[in-house]
Amino acid sequence: MGKALVVFGSTTGNTESVAEVVAGTLEEAGMTVDLKNAASVKAAGLAEGYDLVVFGCSTWGDDEIELQEDFVPLYDDLEATGLVGKKVAVFGCGDSSYTHFCGAVDAITQKAAALGAKVIDLPLKVDGSPDKAEAKAWARDVLQSAA
């Protein structure tokens, strides 16, 4: 069925939890999945060999959009990942009481599209604690859209 990469940046563990559910759901559907923490990856060639790339990042900041700190170096060098023509989906966790609720999702989506990725227009924005059923349903929708 293909190979997927799920890369997440998480401070409180919420985004990591969603990433684990997404990776598990993709595996259940028959995909080979690599789950990686943004803190331990290098951007150069990261997307090579994958049919689907899923990015997960939480959002911080009230005055401006701040990506989760481990994800920032990857975001800054996203052009080196090789996203041209890749199917990409994005999710994130945040708090809707902030001005830029899950703004990292929008920022990553826009940058990936500008770099030539085939962005799957189904962003998942999680408010507060993750709902595993919601994450599973989203991953299934991403798979269907990526087919």
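In which helix does Thr25 lie? Thr25 lies in helix H1. The views below come from a predicted model, in which local features need pLDDT of at least 70, side-chain atom pairs count only at pLDDT 80 or more, and totals for chains, interfaces and linings use all residues. Residues are numbered from 1 along each chain as its sequence is written, and side-chain values use heavy atoms, with hydrogens and water left out.

**View 1. Packing of helix H1 on helix H4.** Helix H1 (residues 14–28) and helix H4 (residues 132–146) pack at about 45°, and their axes lie 9 Å apart. H1 is therefore oblique to H4 (angles under 35 degrees are roughly parallel, over 145 roughly antiparallel, 65 to 115 roughly perpendicular, and the rest oblique). Axes are lines fitted to C-alpha atoms, for helices over the stretch in contact, and angles run from 0 to 180 degrees between N-to-C directions. Helices (H or I, at least four residues) and strands (E, at least two) are DSSP runs, numbered from the N terminus.

**View 2. Residues between H1 and H4.** From H1, Val18, Val21, Val22, Thr25, Leu26 and Glu28 meet Lys132, Ala135, Lys136, Trp138, Ala139, Arg140 and Leu143 of H4. The residues of this contact comprise eight nonpolar, one polar and four charged (Ala, Val, Leu, Ile, Met, Phe, Trp, Tyr, Cys and Pro count as nonpolar, Asp, Glu, Lys and Arg as charged, and the others, Gly among them, as polar). Contact means heavy atoms within 4.5 Å. Thr25 counts as buried because its relative accessibility is 3% (buried is under 20% relative accessible area, exposed over 50%, partly exposed in between, with a 1.4 Å probe and protein chains only). Not counting residues up to four places away in sequence, Thr25 touches Lys136, Ala139 and Arg140.

**View 3. Surroundings of Thr59 and Cys102.** Thr59 belongs to strand E4 (residues 59–60) and is buried at 12% relative accessibility. Its side chain reaches the backbone nitrogen of Gly103 at 3.2 Å. Beyond its neighbours within four places in sequence, Thr59 is in contact with several residues, including Ile65, Glu66, Cys93 and Cys102. Cys102 sits in the loop between strand E6 (87–94) and helix H3 (103–114). Cys102 is buried, with a relative accessible area of 1%, and its phi is near 50°, a positive value in a residue other than glycine.

**View 4. Asp121 in a loop.** Asp121 is found between strand E7 (118–119) and strand E8 (124–127). With a relative accessible area of 67%, Asp121 is exposed. The C-alpha atoms of Asp121 and Asp34 are separated by 22 Å, and the two residues are 87 residues apart along the chain.

How values were computed. Polar contact = N/O pair within 3.5 Å; in protein donor to acceptor, adjacent residues only side chain to side chain.
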